[in-house]
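Student: I have a structure to go through. Can we take it step by step?

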Amino acid sequence: MTTLSLPRPRPRHRIIPKPLQIEAAGNTFGNHFRVTTYGESHGGGVGCVIDGCPPRLPLSEADMQLDLHRRRPGQSRITSPRKETDTCKIISGVYDGVTTGTPIHVFVPNTNHRGQDYKEMESAYRPSHADATYDMKYGVRTVEGGGRSSARETIGRVAAGAVAKKILKEFSGTEVLAYVSQVHKVVLPDNLIDHYTLTLDQIESNIIRCPDPEYAEKMISVVDTIRAKGDSVGGVVTCIVRNCPRGLGSPVFDKLDAELAKSVMSMPSTNGFQLGSGFAGTFLTGSEHNDEFYIDHNGNMRTRTNRSGGIQGGISNGEIINMRIAFKPTPTIAIKQHTVTRDKKEVDLIVRGRHDPCVVARAVPIVEGMVALVVVDQLMAQYAQCNLFPINSNLQEPLLPMVEMAKVPF
(Lines give C-alpha, C1' and ligand atoms only; values in the text may rest on other atoms or scores of the structure.)
Protein backbone atom coordinates (compact mmCIF):
# COMPACT_ATOMS: atom_id res chain seq x y z
CA MET A 1 0.00 0.00 0.00
CA THR A 2 1.35 3.34 -1.11
CA THR A 3 1.04 6.33 1.19
CA LEU A 4 0.92 9.77 -0.35
CA SER A 5 2.72 12.47 1.52
CA LEU A 6 0.92 15.77 0.97
CA PRO A 7 2.72 19.05 1.54
CA ARG A 8 1.85 20.69 4.78
CA PRO A 9 -0.23 23.81 4.33
CA ARG A 10 1.65 27.03 4.83
CA PRO A 11 0.55 29.04 7.79
CA ARG A 12 -1.66 31.90 6.79
CA HIS A 13 -0.18 35.29 7.46
CA ARG A 14 -2.50 38.04 8.40
CA ILE A 15 -2.40 40.75 5.74
CA ILE A 16 -2.22 44.17 7.35
CA PRO A 17 -3.63 46.82 5.02
CA LYS A 18 -1.44 49.83 4.43
CA PRO A 19 -2.87 53.16 5.46
CA LEU A 20 -4.44 55.04 2.56
CA GLN A 21 -2.21 57.91 1.47
CA ILE A 22 -3.41 60.70 -0.80
CA GLU A 23 -1.28 63.58 -1.99
CA ALA A 24 -3.92 66.27 -1.83
CA ALA A 25 -2.40 69.28 -0.11
CA GLY A 26 -3.88 71.58 -2.75
CA ASN A 27 -1.45 74.49 -2.41
CA THR A 28 0.41 74.11 -5.73
CA PHE A 29 -0.87 74.99 -9.20
CA GLY A 30 0.54 74.19 -12.65
CA ASN A 31 2.70 71.52 -14.26
CA HIS A 32 5.58 73.27 -16.04
CA PHE A 33 5.19 76.72 -14.49
CA ARG A 34 4.42 75.71 -10.90
CA VAL A 35 3.25 78.06 -8.17
CA THR A 36 2.89 77.26 -4.48
CA THR A 37 1.22 79.89 -2.29
CA TYR A 38 1.60 80.06 1.47
CA GLY A 39 0.58 82.16 4.46
CA GLU A 40 -2.54 83.21 6.34
CA SER A 41 -4.53 86.38 6.73
CA HIS A 42 -3.19 87.36 10.17
CA GLY A 43 0.08 85.41 10.19
CA GLY A 44 3.53 86.85 9.67
CA GLY A 45 3.07 87.18 5.94
CA VAL A 46 1.97 85.61 2.68
CA GLY A 47 3.62 84.86 -0.63
CA CYS A 48 4.53 82.25 -3.18
CA VAL A 49 7.28 80.08 -4.61
CA ILE A 50 7.45 79.99 -8.42
CA ASP A 51 9.20 76.99 -9.93
CA GLY A 52 9.86 76.50 -13.64
CA CYS A 53 10.26 80.14 -14.60
CA PRO A 54 12.56 80.42 -17.65
CA PRO A 55 16.02 81.83 -16.92
CA ARG A 56 17.29 85.21 -18.13
CA LEU A 57 13.90 86.94 -17.85
CA PRO A 58 14.38 90.53 -16.60
CA LEU A 59 12.44 90.67 -13.31
CA SER A 60 12.16 92.91 -10.26
CA GLU A 61 9.70 93.64 -7.48
CA ALA A 62 8.29 96.49 -9.58
CA ASP A 63 7.00 93.97 -12.13
CA MET A 64 4.77 92.46 -9.45
CA GLN A 65 3.99 95.58 -7.43
CA LEU A 66 1.58 97.14 -9.94
CA ASP A 67 -0.83 94.20 -9.79
CA LEU A 68 -0.34 93.83 -6.03
CA HIS A 69 -1.42 97.46 -5.62
CA ARG A 70 -4.49 96.75 -7.75
CA ARG A 71 -5.38 93.83 -5.47
CA ARG A 72 -4.61 95.35 -2.08
CA PRO A 73 -7.31 96.39 0.43
CA GLY A 74 -8.02 99.98 1.40
CA GLN A 75 -7.68 101.38 -2.12
CA SER A 76 -11.17 102.94 -2.22
CA ARG A 77 -14.36 103.36 -0.22
CA ILE A 78 -15.95 100.29 -1.84
CA THR A 79 -13.23 97.87 -0.72
CA SER A 80 -12.13 96.50 2.64
CA PRO A 81 -10.68 99.33 4.80
CA ARG A 82 -7.79 97.16 5.99
CA LYS A 83 -4.59 99.16 5.45
CA GLU A 84 -1.78 97.12 3.91
CA THR A 85 0.91 98.33 1.51
CA ASP A 86 1.39 94.76 0.21
CA THR A 87 5.02 95.53 -0.60
CA CYS A 88 6.69 92.44 -2.03
CA LYS A 89 10.25 91.22 -1.66
CA ILE A 90 11.99 88.72 -3.97
CA ILE A 91 13.98 86.42 -1.68
CA SER A 92 15.52 84.08 -4.28
CA GLY A 93 15.58 83.12 -7.95
CA VAL A 94 16.70 86.49 -9.33
CA TYR A 95 20.33 87.62 -9.74
CA ASP A 96 21.54 90.86 -11.29
CA GLY A 97 17.98 91.68 -12.35
CA VAL A 98 17.27 88.47 -14.25
CA THR A 99 15.73 85.13 -13.33
CA THR A 100 18.15 82.27 -12.78
CA GLY A 101 15.82 79.37 -13.58
CA THR A 102 15.73 78.35 -9.91
CA PRO A 103 12.69 78.77 -7.62
CA ILE A 104 11.58 82.37 -7.13
CA HIS A 105 10.45 83.14 -3.58
CA VAL A 106 8.21 86.20 -3.15
CA PHE A 107 7.26 87.41 0.35
CA VAL A 108 4.73 90.04 1.47
CA PRO A 109 4.49 90.83 5.21
CA ASN A 110 1.19 91.29 7.06
CA THR A 111 1.33 94.55 9.00
CA ASN A 112 -2.24 95.53 9.92
CA HIS A 113 -3.57 92.83 12.25
CA ARG A 114 -6.86 93.16 14.14
CA GLY A 115 -7.37 89.68 15.49
CA GLN A 116 -9.79 90.89 18.19
CA ASP A 117 -12.41 91.47 15.47
CA TYR A 118 -12.76 87.70 15.13
CA LYS A 119 -13.49 86.86 18.78
CA GLU A 120 -17.09 85.83 18.04
CA MET A 121 -15.94 83.48 15.26
CA GLU A 122 -13.90 81.33 17.65
CA SER A 123 -17.04 79.35 18.29
CA ALA A 124 -19.74 80.56 15.86
CA TYR A 125 -19.57 79.70 12.17
CA ARG A 126 -20.15 82.44 9.61
CA PRO A 127 -22.93 81.39 7.19
CA SER A 128 -21.65 80.47 3.68
CA HIS A 129 -18.03 80.91 4.81
CA ALA A 130 -15.28 78.30 5.07
CA ASP A 131 -15.26 78.29 8.89
CA ALA A 132 -17.45 75.20 9.24
CA THR A 133 -15.97 73.21 6.34
CA TYR A 134 -12.38 73.81 7.53
CA ASP A 135 -13.37 72.31 10.89
CA MET A 136 -15.09 69.43 9.10
CA LYS A 137 -11.92 68.68 7.12
CA TYR A 138 -9.07 69.42 9.53
CA GLY A 139 -10.65 69.48 12.98
CA VAL A 140 -8.82 72.73 13.61
CA ARG A 141 -8.68 76.15 11.95
CA THR A 142 -7.13 79.59 12.18
CA VAL A 143 -9.82 81.96 13.39
CA GLU A 144 -8.26 85.39 12.79
CA GLY A 145 -9.14 86.66 9.33
CA GLY A 146 -10.22 83.24 8.18
CA GLY A 147 -6.60 82.09 8.01
CA ARG A 148 -5.86 80.27 4.77
CA SER A 149 -9.44 80.70 3.48
CA SER A 150 -8.97 84.47 3.42
CA ALA A 151 -8.63 86.25 0.07
CA ARG A 152 -5.29 87.47 1.39
CA GLU A 153 -3.90 84.15 0.16
CA THR A 154 -4.38 85.48 -3.39
CA ILE A 155 -1.37 87.77 -3.02
CA GLY A 156 0.83 84.84 -4.06
CA ARG A 157 -1.37 84.20 -7.09
CA VAL A 158 -1.17 87.83 -8.20
CA ALA A 159 2.61 88.01 -7.77
CA ALA A 160 3.12 84.80 -9.76
CA GLY A 161 0.54 85.90 -12.31
CA ALA A 162 2.47 89.11 -12.91
CA VAL A 163 5.54 87.03 -13.81
CA ALA A 164 3.42 84.88 -16.12
CA LYS A 165 1.96 87.96 -17.82
CA LYS A 166 5.45 89.32 -18.42
CA ILE A 167 6.58 86.03 -20.00
CA LEU A 168 3.53 85.98 -22.29
CA LYS A 169 3.94 89.62 -23.31
CA GLU A 170 7.62 89.27 -24.12
CA PHE A 171 7.37 85.86 -25.82
CA SER A 172 4.27 86.15 -27.98
CA GLY A 173 2.73 89.58 -27.35
CA THR A 174 -0.07 87.88 -25.45
CA GLU A 175 -2.13 90.15 -23.16
CA VAL A 176 -4.48 89.20 -20.34
CA LEU A 177 -7.04 91.83 -19.27
CA ALA A 178 -10.04 91.58 -16.95
CA TYR A 179 -12.78 94.03 -15.99
CA VAL A 180 -16.04 94.18 -14.03
CA SER A 181 -19.06 93.54 -16.24
CA GLN A 182 -21.76 93.14 -13.60
CA VAL A 183 -22.50 94.26 -10.05
CA HIS A 184 -25.68 92.82 -8.57
CA LYS A 185 -28.41 93.69 -11.13
CA VAL A 186 -26.37 96.24 -13.10
CA VAL A 187 -25.19 94.37 -16.21
CA LEU A 188 -22.79 95.88 -18.75
CA PRO A 189 -24.09 95.12 -22.30
CA ASP A 190 -21.68 92.94 -24.30
CA ASN A 191 -21.52 95.29 -27.27
CA LEU A 192 -20.24 98.30 -25.29
CA ILE A 193 -16.65 97.05 -24.89
CA ASP A 194 -14.36 96.46 -27.87
CA HIS A 195 -12.05 93.63 -26.83
CA TYR A 196 -9.65 94.40 -29.67
CA THR A 197 -8.90 97.91 -28.39
CA LEU A 198 -9.56 97.59 -24.63
CA THR A 199 -6.73 99.04 -22.51
CA LEU A 200 -5.61 98.79 -18.90
CA ASP A 201 -6.08 102.55 -18.55
CA GLN A 202 -9.77 102.18 -19.44
CA ILE A 203 -10.19 99.48 -16.81
CA GLU A 204 -8.33 101.45 -14.14
CA SER A 205 -10.19 104.71 -14.84
CA ASN A 206 -12.62 104.17 -11.95
CA ILE A 207 -12.73 102.38 -8.60
CA ILE A 208 -15.04 99.58 -9.73
CA ARG A 209 -12.83 98.71 -12.75
CA CYS A 210 -15.63 98.83 -15.33
CA PRO A 211 -14.32 100.33 -18.60
CA ASP A 212 -17.62 102.07 -19.40
CA PRO A 213 -17.95 105.28 -17.30
CA GLU A 214 -21.75 105.35 -17.30
CA TYR A 215 -22.18 101.79 -16.09
CA ALA A 216 -19.27 102.19 -13.68
CA GLU A 217 -21.19 104.94 -11.85
CA LYS A 218 -24.26 102.74 -11.62
CA MET A 219 -22.23 99.89 -10.17
CA ILE A 220 -20.46 102.12 -7.65
CA SER A 221 -23.85 103.49 -6.53
CA VAL A 222 -25.10 99.95 -5.87
CA VAL A 223 -22.04 99.10 -3.77
CA ASP A 224 -22.28 102.37 -1.82
CA THR A 225 -25.93 101.67 -0.99
CA ILE A 226 -25.36 98.09 0.09
CA ARG A 227 -22.23 99.01 2.08
CA ALA A 228 -24.22 101.53 4.13
CA LYS A 229 -26.62 98.74 5.10
CA GLY A 230 -23.83 96.42 6.24
CA ASP A 231 -24.74 93.97 3.50
CA SER A 232 -22.93 92.71 0.38
CA VAL A 233 -23.55 91.94 -3.30
CA GLY A 234 -21.93 89.78 -5.97
CA GLY A 235 -21.00 90.37 -9.57
CA VAL A 236 -19.19 89.17 -12.69
CA VAL A 237 -15.65 89.68 -13.98
CA THR A 238 -14.99 89.31 -17.71
CA CYS A 239 -11.48 88.29 -18.78
CA ILE A 240 -9.93 88.25 -22.25
CA VAL A 241 -6.68 86.84 -23.66
CA ARG A 242 -5.44 88.64 -26.78
CA ASN A 243 -2.83 87.31 -29.22
CA CYS A 244 -2.90 83.85 -27.67
CA PRO A 245 -0.82 81.39 -29.72
CA ARG A 246 -2.86 78.78 -31.55
CA GLY A 247 -2.69 75.17 -30.41
CA LEU A 248 -2.60 75.60 -26.62
CA GLY A 249 -4.47 73.02 -24.58
CA SER A 250 -4.51 69.24 -24.71
CA PRO A 251 -7.31 66.72 -25.19
CA VAL A 252 -9.00 65.12 -23.39
CA PHE A 253 -8.79 66.02 -19.70
CA ASP A 254 -6.37 68.93 -19.99
CA LYS A 255 -8.43 71.08 -22.34
CA LEU A 256 -7.53 74.76 -22.17
CA ASP A 257 -11.04 75.77 -21.12
CA ALA A 258 -11.07 73.06 -18.44
CA GLU A 259 -7.77 74.35 -17.05
CA LEU A 260 -9.07 77.94 -17.10
CA ALA A 261 -12.26 76.91 -15.32
CA LYS A 262 -10.30 75.12 -12.61
CA SER A 263 -7.93 78.05 -12.13
CA VAL A 264 -10.55 80.75 -11.69
CA MET A 265 -12.93 78.55 -9.74
CA SER A 266 -10.13 77.99 -7.20
CA MET A 267 -10.36 81.67 -6.27
CA PRO A 268 -12.30 82.74 -3.17
CA SER A 269 -16.02 83.56 -3.64
CA THR A 270 -16.29 82.24 -7.21
CA ASN A 271 -19.42 80.29 -8.09
CA GLY A 272 -19.68 80.26 -11.89
CA PHE A 273 -17.63 80.12 -15.12
CA GLN A 274 -18.60 80.71 -18.75
CA LEU A 275 -16.53 80.60 -21.93
CA GLY A 276 -17.65 82.47 -25.07
CA SER A 277 -21.42 82.35 -25.44
CA GLY A 278 -21.68 80.31 -22.25
CA PHE A 279 -25.18 79.44 -21.11
CA ALA A 280 -26.69 81.91 -23.60
CA GLY A 281 -25.47 79.60 -26.34
CA THR A 282 -28.01 77.00 -25.27
CA PHE A 283 -30.77 79.22 -26.73
CA LEU A 284 -29.22 79.08 -30.23
CA THR A 285 -29.31 76.44 -32.95
CA GLY A 286 -26.12 74.96 -34.38
CA SER A 287 -26.42 77.06 -37.53
CA GLU A 288 -26.75 80.18 -35.38
CA HIS A 289 -23.97 79.28 -32.95
CA ASN A 290 -21.23 77.89 -35.22
CA ASP A 291 -18.20 80.13 -35.90
CA GLU A 292 -17.65 79.97 -39.66
CA PHE A 293 -14.08 80.04 -40.96
CA TYR A 294 -12.63 82.41 -43.56
CA ILE A 295 -9.22 83.59 -44.82
CA ASP A 296 -8.30 87.15 -43.83
CA HIS A 297 -6.29 89.66 -45.89
CA ASN A 298 -3.04 88.29 -44.41
CA GLY A 299 -3.83 84.76 -45.55
CA ASN A 300 -4.64 83.54 -42.02
CA MET A 301 -7.60 81.34 -41.16
CA ARG A 302 -9.99 83.15 -38.84
CA THR A 303 -13.57 82.83 -37.58
CA ARG A 304 -16.26 85.38 -38.50
CA THR A 305 -17.81 85.14 -35.05
CA ASN A 306 -16.36 84.05 -31.71
CA ARG A 307 -19.11 82.27 -29.82
CA SER A 308 -16.57 79.54 -29.02
CA GLY A 309 -14.63 82.07 -26.96
CA GLY A 310 -11.32 81.45 -28.75
CA ILE A 311 -11.18 77.74 -27.82
CA GLN A 312 -12.45 74.80 -29.86
CA GLY A 313 -12.04 71.18 -28.81
CA GLY A 314 -10.15 72.43 -25.77
CA ILE A 315 -7.44 74.03 -27.98
CA SER A 316 -6.88 77.73 -28.66
CA ASN A 317 -7.69 78.80 -32.23
CA GLY A 318 -6.01 82.23 -32.24
CA GLU A 319 -9.14 84.30 -31.67
CA ILE A 320 -9.61 86.35 -28.49
CA ILE A 321 -10.28 84.04 -25.56
CA ASN A 322 -13.10 85.49 -23.49
CA MET A 323 -14.65 84.19 -20.30
CA ARG A 324 -16.85 85.35 -17.46
CA ILE A 325 -16.46 84.49 -13.79
CA ALA A 326 -19.29 84.90 -11.29
CA PHE A 327 -18.60 85.98 -7.70
CA LYS A 328 -21.08 85.48 -4.90
CA PRO A 329 -21.89 88.20 -2.34
CA THR A 330 -19.23 88.44 0.36
CA PRO A 331 -20.41 86.03 3.11
CA THR A 332 -19.02 88.15 5.97
CA ILE A 333 -21.61 90.88 6.59
CA ALA A 334 -22.52 93.19 9.47
CA ILE A 335 -26.15 92.07 9.62
CA LYS A 336 -27.34 89.65 12.33
CA GLN A 337 -27.50 86.08 11.02
CA HIS A 338 -28.60 82.78 12.50
CA THR A 339 -25.88 80.15 12.79
CA VAL A 340 -24.45 77.26 14.83
CA THR A 341 -21.47 77.06 17.20
CA ARG A 342 -18.69 74.46 17.26
CA ASP A 343 -20.48 72.71 20.14
CA LYS A 344 -23.69 72.60 18.05
CA LYS A 345 -25.74 75.32 19.68
CA GLU A 346 -27.92 77.63 17.60
CA VAL A 347 -27.07 81.31 18.08
CA ASP A 348 -27.29 84.70 16.40
CA LEU A 349 -24.07 86.20 15.05
CA ILE A 350 -23.11 89.78 14.28
CA VAL A 351 -19.71 89.90 12.57
CA ARG A 352 -17.17 92.63 13.12
CA GLY A 353 -14.06 93.23 11.04
CA ARG A 354 -13.09 94.79 7.71
CA HIS A 355 -14.57 93.20 4.63
CA ASP A 356 -15.41 94.03 1.02
CA PRO A 357 -19.08 94.82 0.36
CA CYS A 358 -18.43 93.51 -3.17
CA VAL A 359 -15.28 91.60 -4.14
CA VAL A 360 -15.29 92.05 -7.93
CA ALA A 361 -13.15 95.23 -8.13
CA ARG A 362 -10.26 93.63 -6.26
CA ALA A 363 -10.85 90.29 -8.00
CA VAL A 364 -9.89 91.74 -11.40
CA PRO A 365 -6.07 91.41 -11.01
CA ILE A 366 -6.50 88.00 -9.36
CA VAL A 367 -8.48 86.72 -12.35
CA GLU A 368 -5.83 88.09 -14.70
CA GLY A 369 -3.11 86.37 -12.71
CA MET A 370 -4.79 82.97 -12.63
CA VAL A 371 -5.60 83.06 -16.34
CA ALA A 372 -2.02 84.06 -17.17
CA LEU A 373 -0.71 81.13 -15.08
CA VAL A 374 -2.78 78.71 -17.16
CA VAL A 375 -1.77 80.19 -20.50
CA VAL A 376 1.97 80.26 -19.73
CA ASP A 377 1.81 76.69 -18.38
CA GLN A 378 0.07 75.52 -21.55
CA LEU A 379 2.53 77.50 -23.69
CA MET A 380 5.42 75.64 -22.10
CA ALA A 381 3.64 72.30 -22.61
CA GLN A 382 3.02 73.08 -26.28
CA TYR A 383 6.63 74.15 -26.82
CA ALA A 384 7.93 70.98 -25.16
CA GLN A 385 5.66 68.51 -26.98
CA CYS A 386 5.02 69.96 -30.43
CA ASN A 387 8.13 72.05 -31.23
CA LEU A 388 11.01 69.63 -30.65
CA PHE A 389 10.99 68.70 -34.34
CA PRO A 390 10.20 70.79 -37.43
CA ILE A 391 6.55 71.73 -37.55
CA ASN A 392 4.10 71.06 -40.36
CA SER A 393 4.23 74.55 -41.82
CA ASN A 394 1.10 73.90 -43.93
CA LEU A 395 -1.00 73.55 -40.78
CA GLN A 396 0.97 74.96 -37.83
CA GLU A 397 2.40 78.33 -36.92
CA PRO A 398 5.95 78.55 -35.53
CA LEU A 399 5.96 78.94 -31.76
CA LEU A 400 8.87 81.35 -31.44
CA PRO A 401 9.72 84.39 -29.33
CA MET A 402 8.67 87.71 -30.87
CA VAL A 403 12.29 88.56 -31.73
CA GLU A 404 12.54 85.32 -33.73
CA MET A 405 9.07 85.68 -35.25
CA ALA A 406 10.20 88.85 -37.00
CA LYS A 407 12.68 86.74 -38.99
CA VAL A 408 10.08 84.19 -40.18
CA PRO A 409 8.69 84.91 -43.70
CA PHE A 410 4.92 84.71 -44.10
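Predicted model: local features only at pLDDT ≥ 70, side-chain atom pairs only at ≥ 80, totals over all residues.

Student: How far apart are the end C-alpha atoms of helix α8?

Tutor: Start with the length. Helix α8 covers residues 360-386, which is 27 residues. At 1.5 Å a residue, α8 should span 39 Å. The model agrees with that, as the end C-alpha atoms of α8 are apart by 38 Å.

Student: Is α8 largely enclosed or largely open, and how many of its residues are buried?

Tutor: Buried means under 20% relative accessible area. Count the residues of α8 that meet this cut-off. The rest of the structure largely encloses α8, because the buried residues number 22 of the 27.

Student: At what angle do α3 and α8 cross, and what is that arrangement called?

Tutor: Helix α3 covers residues 154-172, and its axis comes within 7 Å of the axis of α8. The two axes cross at roughly 50°. That angle makes α3, relative to α8, oblique.

Student: What is the handedness of that crossing of α3 and α8, and which class has 15 residues in their contact?

Tutor: The crossing of α3 and α8 is left-handed. From α3 the contact includes Val158, Ala164, Ile167, Leu168 and Phe171. From α8 it includes Ile366, Met370, Leu373, Val376 and Leu379. By class, the contact of α3 with α8 has three charged residues, three polar and 15 nonpolar.

Student: Which residues of α8 does α6 meet?

Tutor: Helix α6 covers residues 256-265, and its axis comes within 9 Å of that of α8, crossing at roughly 145°. This crossing is right-handed. On the α6 side are Leu256, Glu259, Leu260, Ser263 and Val264. On the α8 side they meet Met370, Val371, Val374 and Gln378.

Student: How do α1 and α3 cross, and how many charged residues are in their contact?

Tutor: The axes of α1 and α3 come within 9 Å and cross at roughly 135°. The two helices are therefore oblique to each other, and their crossing is right-handed. Asp63, Asp67, Arg70 and Arg71 of α1 are among the residues in contact, as are Lys165 and Lys166 of α3. By class, the contact of α1 with α3 has seven nonpolar, one polar and, for charged residues, six.

Student: Which peptide bond is cis, and what is its omega near?

Tutor: Most peptide bonds are trans. Look in the loop between β10 and α6, where Val252 is found. The bond from Pro251 to Val252 is cis, with omega near 5°.

Student: What is phi of Arg56 near, and is Arg56 buried or exposed?

Tutor: Most residues other than glycine have a negative phi. Arg56, in the loop between β3 and α1, has a positive phi near 70°. Exposed means over 50%. At 66% relative accessibility, Arg56 counts as exposed.

Student: Where is Ser128, and what is its phi near?

Tutor: Ser128 is in the loop between β7 and α2. Its relative accessibility is 60%, so Ser128 counts as exposed. Ser128 is not glycine, yet its phi is positive, near 65°.

How values were computed: Residues numbered from 1 in each chain as written. Heavy atoms only, no water. Helix = DSSP H or I, 4+ residues; strand = E, 2+ residues; numbered from the N terminus. Expected span 1.5 Å × (residues − 1). Buried < 20%, exposed > 50% of the residue type's maximum accessible area, 1.4 Å probe, protein only. Axes fitted to C-alpha atoms, helices over the stretch in contact; angles between N-to-C directions. Parallel < 35°, antiparallel > 145°, perpendicular 65-115°, else oblique. Left-handed = near helix turned anticlockwise from the far one by under 90°. Contact = heavy atoms within 4.5 Å. Nonpolar A, V, L, I, M, F, W, Y, C, P; charged D, E, K, R; others polar.
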